[in-house]
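Colleague: I should like to examine one part of this model closely. Please take me through it step by step.

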Amino acid sequence: MPSEPEVVAVPQPLVTRPHRFAVWAPEAQRVEVVVDGASHRMRPDPGRGGWWRADVPTDPAAGRYGFRLDGGPVLPDPRSPRQPDGPDGSSQLVDHAAFRWQHPWTGRGLAGAVLYELHIGTFTPERTFDAAAERLGHLADLGVTHVELMPVCPFPGQHGWGYDGVAPWAVHEPYGGPEGMKRFVDAAHAHGLGVVLDVVHNHLGPSGNHLPAYGPYFTDRHQTPWGSAVNLDAPGSDEVRAYLVGSALTWLREYRLDGLRLDAVHALFDTRALPFLEELAVAVDELSQQVGRPLFLIGESDRNDPGLITARAAGGTGLDAQWSDDFHHALHAALTGESQGYYADFTARPLAALAKTLTAGYFHDGSWSSFRGRSHGRPIDPARTPLHRLLGYTQTHDQIGNRAQGDRLSATLPPERLAAGAALALLSPFTPMLFMGEEWGARTPWQYFTDHQDPALARAVREGRRREFAAHGWKPEEIPDPQATSTVRASTLDWDEPQRGHHAELLDWYRLLLRLRPLASGEVPQVRFDEEEGWLTMCRGPLSLGVNLSDEARELPLTDGTPLAAFPAGTRPSPAVPAAATVVFHRRAKGAGLASRPSQG
């Protein structure tokens, strides 16, 4: 028989086409773009002051490049879409149009949402987008509607919280880079889940930040806890604002995200007549119209200013929602009795503080704050600013990770008290948010961890954290070393826990609460409480909730006069008592009662 003809692989020619490289460097006298090792002179852009451009043939999906200013070293692109070798390495082009999305997505707005804060680096032992995507079915089954990713921009080393990112248009490579993130978002959409990304506009990390070499991205007019402020109002601020808005829109458009969480917006110093946040909100609304799906912004703010989340038509900034630390602090104080730091304002009468936040949104609405030594905040008018524009939660990355040992509520509270806190948060008038693992009472801590490559910076972070907590009585050896790999390993979720004992029971309780949540209605609930007896009841539409945080069994009078038996946390009442639990419900509908409780024991 004749032999088969030999198949010879013919190398395919490198597909190149001119790509326009552009960079804003208003103070430079000479700019070159270095593409795959070859240097090309750039010319001033006649249409944009301070901009330089050059058209260079290159592979649009693989070209490595950087910019050289006035003969200096090659620096990564401020708008780099990918940093395959980390923040200090060369940039790489990304052809966003080449990704093949598998699942059509018309978007999922914030109305009726349940958010789940998730850190890619500790959600699974693999610490990647692809591994996290394998767990998305758990979230859909739980009743979550949106995943809120902690920051994913490149930062030094392998692991960190993400708030030291330095390339706000790119994705951390160890997580899976741009392709990995798109696969994750696509998988979330397959489960019906929206995706929100936490972005940081108020500062960049201390290592790998090359923006000052390019232009006035920062200003000494204002100082922040991280140093000079991002330039939002000094000369050159038009381009800095455009830089941040462009980054935000890229996430929403190219990665098909549904919303952004804006970190610490109170640290955005801005004296211009048109605030940056309003400019960003307008741009996001315009993009929403263009892409035909809802997009939203959530701010983290310490100011208790309802104008931030009031519609622009009503004179506000127009953000869609904000984190509500007042509710968290009141609930935390009621559940734990802790009184250190900012909890001091809430511990004197914790149930009164909790009742106020449940009905008024803010606790500090112009009232005196002993922690700040001054009055703080202003009132919310629910008619103009509905309470669902506040996010309610029992735990977040901040409230756990900024503790000395990163201990969760589950480290000290019994399951019944965890169940009470969950019911108050998930059935409140606020948009609820969970922190990963709380739904089963995870016993793994969530500690502060870094992977700084600069030994001096690593030492400063380690010693600084130990000094901080030494002032509160902690011994240095009791504070986890942020740079130790054991710290990030300890903070990684244990996915065997949800199937075991009280963890499984608590997980069932969370599922029940999220199934009940759509029954609750009304922006402002009816709340009753007794500080001395240690109980609180809340009525929202057909659901009434009673919580007993005392050490004695009690009957809780609901707003309609219906008595409900409630036993103290940590006890196991007789099975003959039909509604015996820390948390009980009663559905007021044609005399039919519905009693639900977490499993005891």
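Which residue in β20 is the bridge partner of Leu-391?

Modeller: The bridge partner of Leu-391 in β20 is Thr-431. This is a predicted model, in which local features need pLDDT of at least 70 and side-chain atom pairs count only at pLDDT 80 or more, while totals for chains, interfaces and linings use all residues. Residues are numbered from 1 along each chain as its sequence is written, and side-chain values use heavy atoms, with hydrogens and water left out.

Two strands count as paired if DSSP finds at least two bridges between them; strands (E, at least two residues) and helices (H or I, at least four) are DSSP runs, numbered from the N terminus. Both strands belong to a closed barrel of 8 strands with parallel pairing, in the order β9-β10-β11-β14-β15-β16-β19-β20. From one strand to the next, the twist averages 30°. Helix α6 (residues 237–254) packs on this sheet, where it touches β11 (194–199) and β14 (259–262) (contact means heavy atoms within 4.5 Å). The direction of α6 makes about 145° with that of β14 (axes are lines fitted to C-alpha atoms, for helices over the stretch in contact, and angles run from 0 to 180 degrees between N-to-C directions).

The 16 residues of α7 (residues 276–291) should span 22 Å at 1.5 Å a residue, and its end C-alpha atoms are 23 Å apart, which agrees (the expected span is 1.5 Å times one less than the number of residues). Its buried residues (under 20% relative accessible area; exposed is over 50%, partly exposed in between, with a 1.4 Å probe and protein chains only) are Phe-276, Leu-277, Leu-280, Ala-281, Ala-283, Val-284, Leu-287 and Ser-288. Seen down the axis of α7, these residues fall within an arc of 165°, so they line one face of the helix (the arc is that of the directions from the helix axis to the C-beta atoms). An α-helix has 3.6 residues a turn, so residues three or four places apart point the same way. On the other side of α7, Gln-289 and Gln-290 are exposed. After the helix comes Gly-292, whose phi is positive, near 70°.
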